[in-house]
Amino acid sequence: MSDQLTPESIAALLEQAVAALTAAESLADLDHQASAIRAKDSALMAARRSLGTLDDIDARKAAGALLNDAMTTVTEVVEARRAVLEVSERATQLEADRLDLTEVVVGDVSLPLGRGHAHLVTQTRASLEAVFVAMGFTVEEGPEVETDWYNFEALNLPPGHPARDMYDTMYLDIAQPETVLLRTHTSPMQIHLLERAVADGTLPVHAAMAGRCYRLDTPDARHLPVFHQIEGLVIDRGITFADLAGVIETFTAAYFGPDIHSRLRPAYFPFTEPSAEFEITCTICRGEGCRTCSRTGWIELGGCGMVDPAVFAAVGIDPAEWSGFAFGFGIDRCAQMRHQIADMRSLIENDLRFMRQF
Ligand code: DAH
């Protein structure tokens, strides 16, 4: 009888195979060991081939069964080891891909430490405010938590008004249901400012108001549920639609550059009458027409119009004496267009490789 085929020798062959598999430190190594064990010239396969040399039928059957069990065990050990290695290789991969945002780079102490810089949205807000300051506007700020009155009602959006559907509102669980909310736009700042100006007798108003706004939107390439707007409000004597168009055009050229222009198209907003959407020359194709601007050469930036008499009534201003205009648009959208950012979600992912470009 072949000395390869005693139960002890088969057990020893299996033990060797299992040891080789368990020692594999990578998936590639494991595959290599497994195929070596299953190869024609392996010790286990040689043992199987020599079954025919056993003359005793019972001994041949017993050895055959042991060799089959051994191959089953090999398969089980391979799979168990594979599961362990997959977990650890994935962990290694994740570790390699990880960006440690708090990491302190310790190195040559003679090099100046990286100081970081303002986020692109903060930079954009500052440059927009600077443009409006240069045009004689004051810069104002206000609350992100508003009541229904400021966000909707005083802006001529009474309960049940269909235009409320434009604003997927996040309500706070405070006071009566659906009375306290996260502002869906910066327009409520118009009401705060006008109430104050009326109380303090400080009309006229020329103001720019920037800040964070909230809507129940799913993030996508052009929308974020938390975003930023800048609002403009001019209330004075004898203000006309021409003043509005002039301010929008001046701002557009000042912020985007002299070859980018603006145009106004009729639209509807409850707090302005007449209302317009303002569009600027597409910053991708510079007006030639491309995919981004649906071949029109123009991209919508925001809304504007002459302040509606209902808004004046809400804050107690005499529309016979005062008139004015308002506008509002997205700061993130401005950053996106000026820097050709394909996906707005990049602004909130905090990937330093993206942030460092600006
Ligand atoms: N608040 C509007 C919005 O977020 C934008 C807007 C439109 C602001 C017209 C204005 C305006 O001041 O006059 O959809």
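In the protein chain, 66% of the contacts with a separation of 6 or more join residues 24 or more positions apart, a contact being heavy atoms within 4.5 Å. The model is a predicted one, in which local features need pLDDT of at least 70 and side-chain atom pairs count only at pLDDT 80 or more, while totals for chains, interfaces and linings use all residues. Residues are numbered from 1 along each chain as its sequence is written, and side-chain values use heavy atoms, with hydrogens and water left out.

The overall dimensions come next. The C-alpha trace spans about 120 × 55 × 45 Å along its principal axes. The radius of gyration of the protein chain is 36 Å, whereas a compact globule of 358 residues would have one near 21 Å; the radius is taken over C-alpha atoms, and the globule rule is 2.2 Å times the number of residues to the power 0.38. Of the 358 residues, 42% count as buried (under 20% relative accessible area, with exposed being over 50% and partly exposed in between; 1.4 Å probe, protein chains only). Carbon and sulfur atoms hold 55% of the accessible surface of about 19,200 Å², computed by the Shrake-Rupley method with a 1.4 Å probe.

The secondary structure comprises eleven helices and nine strands; these are DSSP runs numbered from the N terminus, helices being H or I of at least four residues and strands E of at least two. Gly-136 follows α5 and has a positive phi, near 95°.

Buried residues of α7 include Met-189, Ile-191, Leu-193 and Leu-194. Just after α7, Gly-201 takes a positive phi of about 65°.

And where does Thr-102 lie? Thr-102 sits in the loop between α4 (57-97) and α5, and counts as exposed because its relative accessibility is 66%. Thr-102 and Thr-202 are 100 residues apart in sequence, and their C-alpha atoms are 47 Å apart in space.
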